[in-house]
Amino acid sequence: ENFEASDVCELTRRLEFICTPKKVSWLNMADIELSALSKQCLYRRIANIEFLANEVYAWTKARCAKKTLISWQFTKHDAREKLLRFYKKIKK
């Protein structure tokens, strides 16, 4: 409604829509992946941006080839137990 049709078409070509899992926070997934990247690839000094880009690309390609999954161990029950103190404040 706010943009011309041609502008909308141009903008949608620039976007990539990714459906995130219903039971998982995409922000947690991103945090886990960035932590793994940092520990497995970026733990050393890297002299220039080109070498950094190559290293990150190689790490990403290897991680995708392994089809690495995130194993969620924090259950709904655990969350409710841990956050119970906040629930009490909301109910008041």
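**The nonpolar patch and its setting**

Analyst: In this predicted model, the chain exposes about 9100 Å², of which carbon and sulfur atoms supply 58%. Of its 92 residues, 9% count as buried. The chain has 5 helices and 0 strands, and its elements run α-α-α-α-α from the N terminus on.

The patch itself is made by Phe3, Val8 and Leu11 and covers about 270 Å² of nonpolar surface. One of these residues, Leu11, has its place in helix α1, which spans residues 5–14. Leu11 counts as partly exposed because its relative accessibility is 36%, a value between the limits of 20% for buried and 50% for exposed.

Aromatic side chains can be considered next. A search of the whole structure finds 0 aromatic pairs. A contact between a charge and a ring is present elsewhere: Arg44 lies over the face of Tyr43, at 5.3 Å from the ring centre.

The cysteines complete the picture. A disulfide is a covalent bond between the sulfur atoms of two cysteines. By a cut-off of 2.5 Å between cysteine sulfur atoms, the count comes to 0 disulfides. Cys41 counts as buried because its relative accessibility is 3%, whereas Cys64, at 54% relative accessibility, counts as exposed.

Methods:
Residues are numbered from 1 along each chain as its sequence is written. This is a predicted model: local features need pLDDT of at least 70, side-chain atom pairs count only at pLDDT 80 or more; totals for chains, interfaces and linings use all residues. Side-chain values use heavy atoms; hydrogens and water are left out. Rings of Phe, Tyr and Trp (its six-membered ring) pair if their centres lie within 6.5 Å; planes under 30 degrees apart count as stacked, over 60 as edge-to-face and the rest as tilted. A charge sits over a ring if NZ of Lys or CZ of Arg is within 6 Å of the ring centre and within 35 degrees of the ring normal. Patches are made of residues with over 30% relative accessible area and no salt bridge: like charges are joined within 9 Å, nonpolar side chains (Val, Leu, Ile, Met, Phe, Trp, Tyr) within 5 Å. Accessible areas come from the Shrake-Rupley method with a 1.4 Å probe; for residues, only the protein chains shown count as cover. A salt bridge is a side-chain nitrogen of Lys or Arg within 4 Å of a carboxyl oxygen of Asp or Glu. Helices (H or I, at least four residues) and strands (E, at least two) are DSSP runs, numbered from the N terminus. Buried means under 20% relative accessible area, exposed over 50%, partly exposed in between (1.4 Å probe, protein chains only).
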